[in-house]
Amino acid sequence: MHEQIKAALRGALQRAELPFAEQELLAMHTTFRIGGPAAFWCAPQDVEQLRQTLKCCKDQGVRVYLLGNGSNTLFADEGFDGAVVDLRGIAPSVTATEQADTVLLTAGAGMTLGRLCAEAQQRALAGLEFACGIPGTVGGAMYMNAGAYGGEMKDVVAWVSFLDDNLNFRTLPASDLQMGYRTSIFEKNPSWCIVSACVRLQKGDGAEILAQMQEYLERRRSKQPLEWPSAGSTFKRPQGAFAGRLIEDCGLRGYTVGGAQISEKHCGFVINKGGATCADVVALTDDVKRIVYEKTGFVLEREIRVVK
């Protein structure tokens, strides 16, 4: 980024009294623990600060990356020559609206899915059990239609509110969100910034809901390499197969490039064994894709987002 543009953005953010830092190491903000510095790290604490931050960046022509919990993101070793906007501050308290035998829960984009699931359980609301162990935010989950154990966000979402390209507030109902397997209308419009989302849940039994969540969490702990830094499931599920099984069948359990390794516990995960770089992970996943295709004919697609 040109020094004049940096100075202009720095001045705009300072005049608006918006929270930001420069040269923030992105490895500190992703579950992979990989990534160089961001030219600007912006951390708005409410929706108006978010809108102003995005306006400052837009006015100066600075590219923006919207970041939630950093659980599905791999930043380049060189970092990001723009502004990374941390959405975790956009997490106001959950609000509930009853509609007959259903309840609408509305949450800010920066709230963790874990917290939203806990809120649902405490209110004896069923429907989000599948999401209780997904390490992302509400916004990120809507962006990629996160799912697990047979459930997806599209099954429960009622509507999503966001800032569009012109920083106008808009709301789309579930029917217009174009949610598919790990995708949504927001992935096709990356400049749109999710602000909040509403899920429609069923009244249920709090103890039964808690038991189901605990079962899913235990399954995660027993089968997934949660003790190592990773970005979760590395590849999308190919039609007619499972990525982890294909990788295992190709003899790639434990396959290593630099500090990156195919988990010996679950072949669907690439883990950071220590000192892994973005280049290591990309090289490893490219190798895996090539070998799996050569041996099985299946084409694997990365689920994690590589940001350069």
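1. Basis of the note. The model is predicted; local features need pLDDT of at least 70, side-chain atom pairs count only at pLDDT 80 or more, and totals for chains, interfaces and linings use all residues. Residues are numbered from 1 along each chain as its sequence is written, and side-chain values use heavy atoms, with hydrogens and water left out.

2. Helix H8. Helices (H or I, at least four residues) and strands (E, at least two) are taken as DSSP runs, numbered from the N terminus. H8 covers residues 278-296, and its 19 residues should span 27 Å at 1.5 Å a residue; the end C-alpha atoms are 27 Å apart, which agrees. The expected span is 1.5 Å times one less than the number of residues.

3. Buried face of H8. Buried denotes under 20% relative accessible area, exposed over 50%, and partly exposed in between (1.4 Å probe, protein chains only). Among the buried residues of H8 are Val281, Leu284, Thr285, Val288 and Ile291. In general, an α-helix has 3.6 residues a turn, so residues three or four places apart point the same way. The buried residues of H8 pack against strand E4 (73-75), helix H7 (243-249), strands E15 (256-257), E16 (260-262) and E17 (269-272), and E18; contact here is heavy atoms within 4.5 Å.

4. The antiparallel sheet. An open sheet of 4 strands, with antiparallel pairing, has the order E14-E17-E16-E15. Its edge strands, E14 (230-233) and E15, each pair on one side only. Two strands pair if DSSP finds at least two bridges between them; E14 and E17 are joined by 2 bridges in the antiparallel sense, and Ser230 has Ile271 of E17 as its bridge partner. H8 lies across E15, E16 and E17, at about 30° to E16. Axes are lines fitted to C-alpha atoms, for helices over the stretch in contact, with angles from 0 to 180 degrees between N-to-C directions.

5. The mixed sheet. A further open sheet of 4 strands has the order E1-E2-E5-E3 and mixed pairing. The edge strands E1 (20-25) and E3 (64-67) each pair on one side only. Neighbouring strands of this sheet are turned by 35° against each other on average, direction ignored. E3 and E5 (residues 80-86) run parallel and are joined by 4 bridges, with Val85 of E5 as the bridge partner of Leu66. Helix H2 (residues 47-59) lies across E2 (37-42), E3 and E5, running at about 165° to E5.

6. Arg305. This residue is located in strand E18 (residues 305-307) and counts as partly exposed, at 28% relative accessibility. Leaving aside neighbours within four places in sequence, Arg305 is in contact with Tyr65, Asn72, Thr73, Leu74 and Tyr143. The side chains of Arg305 and Tyr65 make a polar contact (3.0 Å). Such a contact is a pair of N or O atoms within 3.5 Å; within protein, one must be able to donate a hydrogen and the other to accept it, and residues adjacent in sequence count only if both atoms are side-chain atoms.

7. Cysteines. The structure holds 0 disulfides, a disulfide being a pair of cysteine sulfur atoms within 2.5 Å. For Cys42, the nearest cysteine sulfur is that of Cys57, 4.9 Å away; Cys42 is buried, with a relative accessible area of 0%. For Cys250, the nearest cysteine sulfur is that of Cys267, 10 Å away; Cys250 counts as buried at 7% relative accessibility.
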